[in-house]
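Here is a short report for a first look. Please keep the sequence and the 3D view side by side while reading.

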Amino acid sequence: MNREQSTRPVGGAATRAGAVCFALVGLLALATVGLAGFDSLVLMLEFRRLAEFPILAAVPLWLLAWQLHCALARPGAAAPAAGPWQALALALLAPGLMLLLYAVAAEALAPLQAPAYEQLLRAALLPALLAALVAGVLGGRPGRRAGCSRLAVVGGWQGTPALGLLLLLYTGWLPAQALAALLVGWLAVQAVLIQRRLRLTELSVLAVQGTTAGGLTVLLFWLALVGSSFATDLLPVQALAVIAPVVLLVVMAAAGWWLGRLLNNELFAMAMLAAPAVVMGNAASVDPVWMGLALSSAIALGGWLGRDRPSRAASGGC
Amino acid sequence: MMPLRLLLRQGFRDLDESLALIERSLIVVLMLGLVMLGVAEVAVQLLDLRRLSGIPDYAGVVLLWLIMLGAASAAAHSAVVAALPLLLAAAVSALLGWAALRLWFFDLQLGSSWAPGLSGSVVLAPLPLCFALMAGRFLGRALGPRQSRHQEAPE
């Protein structure tokens, strides 16, 4: 196994911007709870609800799966370049972690209108395939570093069982975290026992890296979610009902594009934006599926534009 | 003779390294547990073992612990040049940790049960600890020497 790949930080940009984002989101969450007239204990009571969504376990597990795939696929090879359409297709296809965060936010904040995760994935399939088609037509144009892990989503997963598990996500037959666990198990067995590319110590390093990136992302996501739920009592969110849904859709997409570009990490941007998007979309009667797809696409394209910046290059995009 | 400031710094560094070792070991064990719970969930679905339907409860608990440990680990590797955001992050962590501690005491008095064999106080115990760890790490990075703030993720 390539040593550099095995020890490369997961979500490097996320851990770099982590302190700033954590400070801002945490402060906002504390402030909204305080201004709404509740004790900070209530914030923690809401925080423990995180355990009611075990599907979020798919985030660190998928990140570990990507790391394992990076270790198995083309050791030593540089990350191939990707164009904007390819980046878009990658963002929408399985495992679609951005869509997963959005689905959880919708289920927690607006359970009646919330689309299921697999419903979002299926809705994203056509635009993703179109984007992939355009990417094929425009192939050969100069691209930007996409990172081996993200490109691996579209092609070259290690063997048919892994690809089959990815496709099962679209059926909703098994929860995403169970499928992710199976995939991690399969890739770990292949990496350690069958192909012998990884030692157990290296596997544990990858597990820590996946958890570090995933833990921070989910913590921020949940703080933003709790803050947004309390902010609905403070802000005149219902006034958004007078805004045409398409206008809010465009505004949120622009915000996603900007934050994706600024943070240079798509998953991190979605963690911060998913909950406010659900609250505002619900008030303005925007179709949650459209909101999820628009937000994911905009963040993916914004992230693609910011990919040449040094922080992302250092993290290898994984 | 080594100045007190340097001695303290060395002591805190040693303590942080020991805590990081425990933290990484726990992460690996919990990640393994999460994989096993996921596989068990598939088995339950395939074999229709309804009496084992409490698996998501345990998965939720493992997730909560893993998220907190992951966030604490990320706090150790945050690299920001300016001290102000780090101090702010430390203050937020401390406030959240205080709230988590109060919740833990509240749960201890209430004696609530989370899942079979797991009381609420056991489940919530890592929350104040991890937030305190995050606060300490953010503070250490804000007040510590500049070059140490640029460390990458664990190798």
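This is a predicted model: local features need pLDDT of at least 70, side-chain atom pairs count only at pLDDT 80 or more; totals for chains, interfaces and linings use all residues.

## A buried alanine in chain B

B:Ala20 counts as buried, at 14% relative accessibility. Buried means under 20% relative accessible area, exposed over 50%, and partly exposed in between (1.4 Å probe, protein chains only). B:Ala20 sits in helix 1 (residues 4-47) of chain B. Helices (H or I, at least four residues) and strands (E, at least two) are DSSP runs, numbered from the N terminus.

Residues are numbered from 1 along each chain as its sequence is written, chains are lettered from A and ligands numbered from 1 in the order in which they are written, and side-chain values use heavy atoms, with hydrogens and water left out.

## Chain A overall

Chain A has 15 helices and 2 strands. Of its 318 residues, 59% are buried. Take the contacts in chain A between residues at least 6 apart in sequence: 87% of them join residues at least 24 apart. Contact means heavy atoms within 4.5 Å.

The accessible surface of chain A is about 11600 Å², and 67% of that belongs to carbon and sulfur atoms. Accessible areas come from the Shrake-Rupley method with a 1.4 Å probe; for residues, only the protein chains shown count as cover.

Helix 10 (residues 176-194) of chain A has 19 residues. Its first and last C-alpha atoms are 25 Å apart, close to the 27 Å expected at 1.5 Å a residue. The expected span is 1.5 Å times one less than the number of residues. A:Arg196 follows helix 10 of chain A, with a positive phi near 55 degrees.

Helix 14 (residues 288-305) of chain A holds A:Gly292. Is A:Gly292 buried or exposed? A:Gly292 is buried, at 0% relative accessible area. Beyond its neighbours within four places in sequence, A:Gly292 contacts A:Leu99, A:Tyr102 and A:Met270. The C-alpha atoms of A:Gly292 and A:Pro115 are separated by 9.4 Å, though the two are 177 residues apart along the chain.

## Helix 3 of chain B

Helix 3 (residues 83-110) of chain B has 28 residues and reaches 40 Å from its first C-alpha to its last, close to the 40 Å expected. Its buried residues include B:Leu86, B:Ala89, B:Ser93, B:Leu96 and B:Ala100. Just after helix 3 of chain B comes B:Gly111, with a positive phi of about 65 degrees.

B:Ser93 belongs to this helix. B:Ser93 is buried, with a relative accessible area of 0%. Which residues does B:Ser93 touch, not counting those up to four places away in sequence? They are A:Phe22, B:Phe131, B:Met134, B:Ala135 and B:Phe138.

## The second largest pocket

The second largest pocket holds about 450 Å³ of space. Of the 21 residues that line this pocket, the closest to its centre are A:Leu28, A:Ala224, A:Ser228, A:Met272 and A:Pro276. A pocket is an open set of points on a 1 Å grid over the protein atoms alone, where a 1.4 Å probe fits, with protein on both sides within 12 Å along at least five of seven lines; lining residues have an atom within 4 Å of a point. Grid points are joined across faces, edges and corners, and a volume is the space filled by probe spheres set on the points.

Helix 11 of chain A gives the largest share of the lining, 6 residues.
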